[in-house]
Amino acid sequence: MKIARFSRVGFILAAAGSAVGLGNIWKFPYIAGEYGGGAFVLVYLLTVLLIGFSIMIAEMLIGYMGRRDTVSSFEELAPTKKHLWKFGGFQALAGLCIMIFYSVVIGWIFNYIVTSFTYLPATMQEAENVFGSMLHSDFTTQFTYHTIAFLWITYVLNRGLKGGIEKMNFFLMPALMIILGGMFLYATTLGAFSEALHFMFYPNFSKINGEAFVTAVGHAFFTLSLGMGAIMTYSASLEKDANLVKNAFWVVFLDTAIAIVAGLMLFTFLYQYGSGPAKGPGLVFISLPAAFYEMGIIGNIFAILFFIALAFAGLTSSVSLVEPMVQYFIDRFSWSRLKASVLMGLFFWFFGIFAILSNIDGAKEYLTWGSKNFFDWVDYITAAIMLPLGGLIMAVFVGFIIPKNRVESIMRPQLRWAFDAWYFSLRYITPVAMFVVMLSLMGVL
Ligand code: PHE
């Protein structure tokens, strides 16, 4: 089957569009806040640098060499035990699972874009009430916007790789960077900017426990879109002479830079006008709108622009979360793109309804198990378990299964002296590090 090819810039924008998402702007600031800032940020940055970057290259390589959907690529590249290794490709299912809550959050963002035109909460208390009542009692609003997100994503996927995904990223990614860049520059002029710097970069290790560590490592995978075949699927459409190292560098760089910029900007606003780095997923939905209110009219403009940027980030990631499974059904079962896009869309739309219900009073009691409701379980299982596991599978696959001479013939010319270090990291550093994370996750450490 002939696969459409990305243009050079198109690939970087699409892969960066996948990486830069709700993870960077919604999740990163609040978990950094929850775990006390600096030390957490440090663990996250080290994971990105030491493990994330090398797995990014490995995942790109599997896609680039395999040239097919994730399952077929694994199958084709495994010299023996194909029937076993092809299951590596089913990691792509994690993307659909992530979409279950991802689409719901994009729905919240759509709602906040609309309401920010006319309203911002005057106090933290009011902001909490507004968010809380949407979350706990307003099923209709969440359902409506979740459905709009589903329709948008399905529409773009159906338009295909070039006419849909590449095109959307081509417009939305620059727009997102301009909006965030502008707001960041404004934040640097405020007095609280230095407090934000201190919070993000001064490591206070007393706040770091096992859970913080696992969350930081899991987040590094989540934010780089690693471990579920999104980057792999896009890389199947790379040009023949593409430089994977350069591409990986740009994606990692843009993703990290945007997370830091967004974090510094949000914490500056929260210190200057609000309540400091408040805790929990409500950070951008509760504390931030209240801080924007304090800014006066410019706050309204900022709020609208900020939520638009957040929606753009979420939408460009969403298409990459679903495309691997779409590609799988097109490639292996000769489904039409329309059929594949609609059915995959319906999957996350349907389960998304339960993610909404799991926060709604009267229903949530039936959708909560242990300390987490359905929404939180999906988030936790995908980000903290499935993605790191997928990353591990990819590292081992490239490090041990694909014959070394095949890997070397492509990667040595691109990595030159760093080839051995990269290969060593895939074989030994990543598996050991991931093993430690898995153990601490299971409560063994
Ligand atoms: N990287 C995206 C984010 O930060 C989420 C994502 C994960 C996208 C895995 C694709 C694959 O929001």
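View 1. An oxygen atom of the ligand lies 3.3 Å from an N or O atom in the side chain of Asn24. Such a polar contact is a pair of N or O atoms within 3.5 Å. An oxygen atom of the ligand is also 2.7 Å from a polar backbone atom of Gly23, and a nitrogen atom of the ligand is 3.2 Å from a polar backbone atom of Thr223. Taken alone, the ligand exposes 320 Å², and the protein buries 100% of this area (Shrake-Rupley method, 1.4 Å probe). The model is predicted: local features need pLDDT of at least 70, side-chain atom pairs count only at pLDDT 80 or more, and totals for chains, interfaces and linings use all residues. Residues are numbered from 1 along each chain as its sequence is written, and side-chain values use heavy atoms, with hydrogens and water left out.

**View 2. The shell around the ligand.** The ligand is surrounded by 15 residues, each with a heavy atom within 4 Å of it. The closest are Ala19, Gly23, Tyr102, Phe222 and Ser225. By class, the shell has 7 nonpolar, 8 polar and no charged residues; Gly counts as polar, and Ala, Tyr and Phe count as nonpolar.

View 3. The elements giving two or more residues to the shell are α1 (8-19), α2 (22-34), α11 (210-223) and α15 (297-333). The protein chain has 19 helices and 2 strands, taken as DSSP runs (helices H or I, at least four residues; strands E, at least two).

Conventions: A polar contact is a pair of N or O atoms within 3.5 Å; within protein, one must be able to donate a hydrogen and the other to accept it, and residues adjacent in sequence count only if both atoms are side-chain atoms.
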